[in-house]
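Please keep the sequence and the 3D view open while you go through the points.

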Number of protein chains: 2
Amino acid sequence: MPTDRSPTRIQKKNRATILEAALEVFSNHGFRGATVDQIAKAAGLSKPNLLYYFPSKEAIFTELLSGLLDTWLDPLRALDPDGDPLEEILAYVQRKLQMSRDFPRESRLFANEIVQGAPRMLDSLSKDLKPLLEEKSALITQWMDAGKLNRTHSKHLLFSIWSLTQHYADFDVQVRTLMEDEDPFDSAPQHLELMFRRLLAPDHIAG
Amino acid sequence: MPTDRSPTRIQKKNRATILEAALEVFSNHGFRGATVDQIAKAAGLSKPNLLYYFPSKEAIFTELLSGLLDTWLDPLRALDPDGDPLEEILAYVQRKLQMSRDFPRESRLFANEIVQGAPRMLDSLSKDLKPLLEEKSALITQWMDAGKLNRTHSKHLLFSIWSLTQHYADFDVQVRTLMEDEDPFDSAPQHLELMFRRLLAPDHIAG
DNA sequence: TCCTGATTTGACCAACTGGTCAAACTCACG
DNA sequence: CGTGAGTTTGACCAGTTGGTCAAATCAGGA
């Protein structure tokens, strides 16, 4: 087992390699569906060697989750109270859509976990996500009170943004099967822009 | 093994019981995460007895999938070319939302499978879902051509409906964690109605 | 009632899975 | 170089899992 001392070059490299491999495997098969052997193979290590760096399969998974959740929520944190409300939200939508295109494995990792009841994530949801949602949905409600946005249920609005954008990562196989000829990510930005602009633009200055 | 003859009373009952139990277990844990023992226990049968009615775990799963996909797509089939376009689509949205409330296990069963690449469903997607999507998205495009609906990408529109409505079943744990005090299904219908009405209403007769 | 096919089960098996361990090997540094 | 800590691995283990099988039990028509 690696000591408590500052990590060696090898430790740093191998832990990173393992987490990358784990992301690949866990996002494709879920926690239960993934095997330590699969992860080890994907990382180019033997199973005992992998377990030299992490005490258990569960430990890999939870470290991966908590490490990724933070960056996953960055776009929402970036919602700026001082920006133009409509443009802030539209930009958030596009940023989230970009993340579905660029980091689909992260999205599927969370999706897998939550669909199955989030047994290893409920804490993070209440502790990290909930306060952030409360803060930002309050901000959005303020914007609506000020007449800068058409009035909607601000929490459902955020759920809608998550749902619509992550759909393109989580259900990628289905979307691509049904859109053979066209890359979904070519037309999705326009579609979502239109959708949220018409929903939120005050007094119908819709695009 | 049951013979090819017409099923006995016991066969009918037990096969139905098993499929119900399998839905419960598979929707909560995914294919790999579910065990035959779990299903047998949930069905109140011994494992060998369960395997007397189905040849394998895989067979239970595929029969369950194909049996449910049909009814799952009924609301889309019901989209009526002769109805009022906007009301037809809004009604479809509400029907789908109802299904998320009333049959969340079915929704999660499909979600689990598709997030993991739909290894056992790709055929059904191309063979059953694709033609239906083509038919209905063509219908919607016609409606838009006729000026009955605001113009959008009709396939993305259908993806959006699926995504938004099924989100309340698939991500139920997350939604409820973040909405402690309120039942999501109380306010979701209004929210989605507003969303699609504003998106689709021609010349802005928005609600 | 009796008999035959349908149903149920305890015991079992081979493959897989997460994890352990002692021995071997490698690397950086004095 | 040599040496001790850091790293890697083959062999192994116990628990789980999907599935089999022969024997036991049950149901219903003649």
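The points below go from the contact between the chains to a helix, the nonpolar core and the salt bridges.

1. Please bear in mind throughout that this is a predicted model. On the side of chain B, the residues B:Val115, B:Leu178 and B:Arg198 supply 15% of the area buried against chain A, which is more than any other three residues supply. The contact draws 59 residues from chain B and 58 residues from chain A.

2. Several helices of chain B each supply at least two residues of the side that touches chain A, among them helix 1 (9-33), helix 8 (122-145) and helix 11 (184-200). Which helix gives the largest share of that side of chain B? It is helix 9 of chain B, with 12 residues.

3. Helix 9 of chain B, residues 154-170, deserves a check of its own, because its 17 residues should span 24 Å at 1.5 Å a residue, and its end C-alpha atoms are 23 Å apart, which agrees. The helix is also mostly covered, with 17 of its 17 residues buried.

4. The largest nonpolar core holds 138 residues, and the members that touch the most others are A:Phe26, A:Phe196, B:Phe26 and B:Phe196. If one leaves aside its neighbours within four places in sequence, A:Phe196 is in contact with several residues of chain A, including A:Leu86, A:Leu90, A:Val93 and A:Leu164, and also with B:Met195 of the other chain.

5. Over all chains, a search of the whole structure finds 34 salt bridges, and 2 salt bridges lie across the interface of chain B and chain A. In one salt bridge, the side chains of B:Glu180 and A:Lys130 meet at 3.3 Å, N to O.

6. Within chain A, the side chains of A:Lys155 and A:Glu134 meet in a salt bridge at 3.2 Å, N to O. This pair links distant parts of the chain, with A:Lys155 in helix 9 and A:Glu134 in helix 8, 21 residues apart. Are these two partners buried or exposed? A:Lys155 counts as buried because its relative accessibility is 12%, which is under 20%, whereas A:Glu134, at 31%, counts as partly exposed.

7. In chain B, the side chains of B:Arg15 and B:Glu63 form a salt bridge at 2.5 Å, N to O. They too connect distant parts of their chain, for B:Arg15 belongs to helix 1 and B:Glu63 to helix 4 (residues 57-72), 48 residues apart. B:Arg15 has 27% relative accessibility and so counts as partly exposed, and B:Glu63 is partly exposed as well, with a relative accessible area of 34%.

8. A further salt bridge of chain B joins B:Asp37 and B:Lys47, whose closest N and O atoms are 3.9 Å apart. B:Asp37 sits in helix 2 and B:Lys47 in helix 3, 10 residues apart. At 45% relative accessibility B:Asp37 counts as partly exposed, and B:Lys47 is partly exposed at 37%. Finally, salt bridges that share partners join A:Lys130, A:Glu134, A:Lys155 and B:Glu180 into one network.

How values were computed. Residues are numbered from 1 along each chain as its sequence is written. Chains are lettered from A and ligands numbered from 1 in the order in which they are written. This is a predicted model: local features need pLDDT of at least 70, side-chain atom pairs count only at pLDDT 80 or more; totals for chains, interfaces and linings use all residues. Side-chain values use heavy atoms; hydrogens and water are left out. Helices (H or I, at least four residues) and strands (E, at least two) are DSSP runs, numbered from the N terminus. The expected span of a helix is 1.5 Å times one less than its number of residues. Buried means under 20% relative accessible area, exposed over 50%, partly exposed in between (1.4 Å probe, protein chains only). A nonpolar core is a set of buried Ala, Val, Leu, Ile, Met, Phe, Trp, Tyr and Cys residues joined through side-chain atoms within 4.5 Å. Contact means heavy atoms within 4.5 Å. Buried area is the accessible area (1.4 Å probe) that two parts lose on being put together, summed over both. A salt bridge is a side-chain nitrogen of Lys or Arg within 4 Å of a carboxyl oxygen of Asp or Glu.
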